Amino acid sequence: MKFKSVRGTRDVFSPEIELWQYLENTAVALLKAYGFSEIRTPIFEESALFNRSIGEDTDIVEKEMYSFQDKKGRNLTLRPEGTAGVIRAAIEQNLLVQSNIAKLYYLGPMFRYERPQAGRYRQFYQIGAECVGSDNYRRDLEIILWCVDYFAAIGLTGLKVCLNSVGCADCRPAYREVLKKYLQDQTGKLCGDCQRRAVKNPLRVLDCKVDSCREIIFGIPAMQDWLCDACKTNLSEIEADLKKEKVNFIIDKYLVRGLDYYTRTVFEIKSENLGAQDTIAAGGRYDKLVQELGGPPMPAVGFALGLERVSEVRQKQKAVATPGNRIDIFFALLGEQAQNRAAGVIRELRQQRIKVEAVFENKSLKSQMRLADQSGAKFTAILGEEELKKDSVTLRNMQTKEQKDIKLDELSQFLKTAKSEEYNG
Ligand code: HAM
């Protein structure tokens, strides 16, 4: 019986996996440059953690969580996002010291039972970061600028930052009431979910994707007009600095995001090279979450990017070449003795991180050369009876087809020189 991967999941392998490794390595180096250190949290957590942080009325909690009971009847959920688990861990492991700033990054799979389509999966990978302990707008900026710098580093263009403020505990309640009243008059036109949300959590209506609701949203009073002075200042400071840094951004006054924990700054970064699922990174400030999850009252801000989407844009743009996983040297070995002589050399080369493949399966020279071709190797070393006598190999440059004899114990130096010339040239 043959099995298929589960709907909404996918296998990632060469050559895309090399691109993923490049995207991950570049992100990690840049996260470290911005002062973040890694945290790895479990893939599943208590369901209540997500209900509490993401919010009961969100699509994620209402419809999209992979929840189950374990054998002891514990209610568990595969993490739909990273922030809740990171904050849970930071509190539990005493990583949060008031007056200090904790900067944590993470990468790994997340799970949401969404309707699969291009760029939307049920298991997808995020790279994200959280900065806990400051309400200074420069921390919001640091997060947005990290994204901008990262996407520039991997060669993405055609991106737009959409920015908004969803207010704070001081100004949002008044706006909620305005919104509630406005939505009361429109109830008949809202989808079933939003009719309920309009009463319980009216801000969620702004995030509804149903067409009839979207039409109503464009007439709705915007949070912008209800922001308190502190929130207004926060937003205008970010705007001013983004302008100074020449970041391509717009204010999207209806942007609220699909998670309930945000306060003040929210942002999404969109690519013009993707279809409907065009948000490649998103995040914002969440000043109350740490305390709500039992930690000290510490404001925080963070983001996460979707690796599948970033990978897709990168492949569409082909902006800069990605270092691949090309074999450096392929050994075509003729006979037992050649295999014995090559084995030690191959191990030494591999210990020096030279990428080597070899055929130990007693194949004809012709079929070994075909395999060498398929491998994409830069060089092929042929070792047969004649070569053994001279303790050398016939080294073939697979691109130029030039061949020459080279001593086995000079091979490593030769390959290193060839590699450095390739990088410099
Ligand atoms: P989010 O907007 O739910 O935010 O997800 C962040 C990014 O993950 C999205 O912009 C998108 O690129 C990717 N993503 C989300 N769902 C899917 C999916 N089904 N398939 C493929 N990619 C997807 C968060 O998760 C927040 N935790 C971000 C954050 C961190 N806010 C503060 N700190």
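How many bridges join strand S3 to strand S4, and do they run parallel or antiparallel? I looked it up: S3 (residues 66-69) and S4 (residues 75-78) run antiparallel and are joined by 4 bridges.

Before going on, a note on the ground rules. The model is predicted, so I keep in mind that local features need pLDDT of at least 70 and side-chain atom pairs count only at pLDDT 80 or more, while totals for chains, interfaces and linings use all residues. Residues are numbered from 1 along each chain as its sequence is written, and side-chain values use heavy atoms, with hydrogens and water left out.

**Entry: the hairpin and its neighbour**

I kept the strand terms beside me: strands (E, at least two residues) and helices (H or I, at least four) are DSSP runs numbered from the N terminus, and two strands pair if DSSP finds at least two bridges between them. S3 and S4 form a hairpin with 5 residues between them. In the turn I found Gly73 with a positive phi of about 80°. I then checked individual partners: Tyr66 is bridged to Leu78 of S4, and Phe68 to Leu76 of S4. Next I looked at strand S2 (residues 44-46), which pairs with S4 in the antiparallel sense over 3 bridges. There, Glu46 stands opposite Leu76.

Which way do H2 and H4 lie to each other? Helix H2 (residues 47-54) packs against helix H4 (residues 83-92) at an angle of about 110°, with the axes 9 Å apart. For the record, axes are lines fitted to C-alpha atoms, for helices over the stretch in contact, and angles run from 0 to 180 degrees between N-to-C directions. H2 and H4 are therefore roughly perpendicular; the scale is under 35 degrees for roughly parallel, over 145 for roughly antiparallel, 65 to 115 for roughly perpendicular, and oblique for the rest. I listed who meets whom: Leu49, Phe50 and Ser53 of H2 meet Ala84, Gly85 and Arg88 of H4, where contact means heavy atoms within 4.5 Å. By class, that contact has 3 nonpolar, 2 polar and 1 charged residues. The classes count Ala, Val, Leu, Ile, Met, Phe, Trp, Tyr, Cys and Pro as nonpolar, Asp, Glu, Lys and Arg as charged, and the others, Gly among them, as polar.

I then turned to helix H1 (residues 16-33) and helix H11 (residues 307-317), whose axes come within 10 Å and cross at roughly 110°. That makes H1 roughly perpendicular to H11. On the H1 side the contact includes Leu19, Trp20 and Leu23, and on the H11 side Leu307, Val310 and Arg314 are among the residues. The class tally for H1 with H11 is 6 nonpolar, 2 polar and 4 charged residues.

**Entry: cysteines**

How many disulfides does a search of the whole structure find? It finds 0, taking a disulfide as a pair of cysteine sulfur atoms within 2.5 Å. I checked two cysteines by name. For Cys171, the nearest cysteine sulfur is that of Cys228, 3.8 Å away. For Cys231, the nearest is that of Cys168, 3.6 Å away. Cys171 has a relative accessible area of 6% and Cys231 one of 0%, so both count as buried (under 20%; exposed is over 50%, partly exposed in between, with a 1.4 Å probe and protein chains only).

**Entry: two single residues**

Is Thr157 buried or exposed? It is exposed, at 51% relative accessibility, and sits in the loop between helix H5 (137-153) and strand S7 (159-165). Not counting residues up to four places away in sequence, Thr157 touches Asn273 and Gln317.

Ala358, in strand S13 (residues 356-358), is buried at 10%. Leaving aside neighbours within four places in sequence, Ala358 is in contact with Phe331, Leu333 and Ile346.

**Entry: helix H13**

In H13 (residues 365-375), I noted Ser367, Gln368, Met369 and Ala372 as buried. Their cover includes strands S12 (329-333), S14 (379-383) and S15 (392-397). After H13 comes Gly376, with a positive phi near 75°.
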